[in-house]
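Here are a few notes to go with your first look at this model.

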Amino acid sequence: MNRTFAASLHATLEGVTIAFDAIRANRVRAALTILGVAVGVFVVVAMAATIHGVNLSFQSDLDSFGADAFMVRRQDVGLNACDGTEDNCPDRRNRTITMTEWRAIDALPSVQASTPWLFGGASVRYRDASLSSVNMEAYGADWLETDGGDLYPGRNFTSQESENGASVVILNDTLSKQLFGQSDPLGKAVLVSGQQFIVIGIYQTRGGFLRSLDGRGPETPKLIVPAESARRRLNVWMRGMMINVKPRAGVSRDVAMDEVMATLRAMRGLRPSDRSDFYLVGQDRIADVFNQVFGALFLVMLVLSAVGLLVGGVGVVAIMMISVTERTREIGVRKALGATRRTILWQFLVEGATLTSIGAAVGLSAGALLAFGIRSWTSIPASVPMPAVVAALLASAFTGILFGMAPAARAANLDPVEALRHE
């Protein structure tokens, strides 16, 4: 047993040594082989690291919204495309969610907090500092309970300010620094789309992929105003209004959704046979859409990595076929000295696996560097998961063995007498 193991280890080490000799002797061919495998592994590792980080960030966003929170929307969320006609896009006929409906929802016993949610763009100016396009969001007074984040320094707008459409505004930290630098922004007047608003607070966004994707991340300048202020003074797009709802403690999301559903259908005069012209969207529905998107990206990742590994595999065949031809006499000598067919086969398979493993190491290193860059420069906590490392190494080794099988079999099957005659 020990003698067999020692012989296998010796053959393995010898195969690795020969592989490095082949790389030095055939630098261009070896480089192309290594590059092909490295590209395939890099794609796998880079995509796996990004998707892993996006998943963590996405889950963090959902946790900040609250597992039981849900939205009332005029249209559903999803990937289904429309051709622009009402027949294929029935949601286009859905009525706008209204402030009256929000107030009715907010008064339900199963609801702890709810807020209208309007969004758009606005220009902002303070003295000589101005920005022509800034993300604007408009909420009710309870928006912090459904949105997540920290408000410091300053304060939120009150229920009375919200109802009266007061000219108050909250800036996120990025916008505050762009307008005011290091000076205190509280109590100062800024022009929002030409209308004067008083700054009352600074909002610290909890960064995440979902927020960054729709322009609500910490790196994007943003301002927040009361929903009534946006409706009356800033000409916001009311047809896009949604309502964020948080159920009361001890009340399940399904119970709260049923109550909201019944209330809205009654207010809209819908009969039992009529389809609802609005949607209640929970976090599970958002997660489903998210998984559909990244499931498609995962398939693209597999195709790209397969192409890279195929290129590397073709390179393995080429470089090893040349190696067999160049070392035919050497193989004959080894067979004459007692080397078995199995020994020769194993040596060449190890040589092929070594070539592709070097490519895998290069691809892993490049993927890890990319993950570090993504983590450093974005809000996505990208990291290379261990299963991706194992899968990349196994795939590269398998590629080397699979594509090296034909050259290795050719070498193992050489007739020692004919091989010794080879010049």
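1. A term to start with: a charge sits over a ring if NZ of Lys or CZ of Arg is within 6 Å of the ring centre and within 35 degrees of the ring normal. Keep in mind that the model is predicted. Here, Arg 233 lies over the face of Phe 197, and the distance to the ring centre is 5.0 Å.

2. Now for rings facing other rings. How many aromatic pairs are there? The count comes to five. Take Tyr 126 and Phe 180: the ring centres are 4.4 Å apart and the planes meet at 45°, so this pair is tilted.

3. Where do those two sit? Tyr 126 belongs to strand β2 (residues 111-126) and Phe 180 to helix α6 (residues 173-180), so their pairing ties together parts that are 54 residues apart in sequence. As for burial, Tyr 126 is buried and Phe 180 is too.

4. Next, have a look at Trp 143 and Tyr 203, an edge-to-face pair with 5.0 Å centre to centre and 65° between the planes. Trp 143 is in helix α4 (residues 143-147), while Tyr 203 is in strand β7 (residues 195-204), so this pair ties together parts that are 60 residues apart in sequence.

5. Trp 143 has 0% relative accessibility, so it counts as buried. Tyr 203, with a relative accessible area of 0%, is buried as well.

6. Trp 143 and Tyr 203 belong to a cluster linked by ring pairs, together with Trp 117, Phe 119 and Tyr 139.

Notes: Residues are numbered from 1 along each chain as its sequence is written. This is a predicted model: local features need pLDDT of at least 70, side-chain atom pairs count only at pLDDT 80 or more; totals for chains, interfaces and linings use all residues. Side-chain values use heavy atoms; hydrogens and water are left out. Rings of Phe, Tyr and Trp (its six-membered ring) pair if their centres lie within 6.5 Å; planes under 30 degrees apart count as stacked, over 60 as edge-to-face and the rest as tilted. Helices (H or I, at least four residues) and strands (E, at least two) are DSSP runs, numbered from the N terminus. Buried means under 20% relative accessible area, exposed over 50%, partly exposed in between (1.4 Å probe, protein chains only).
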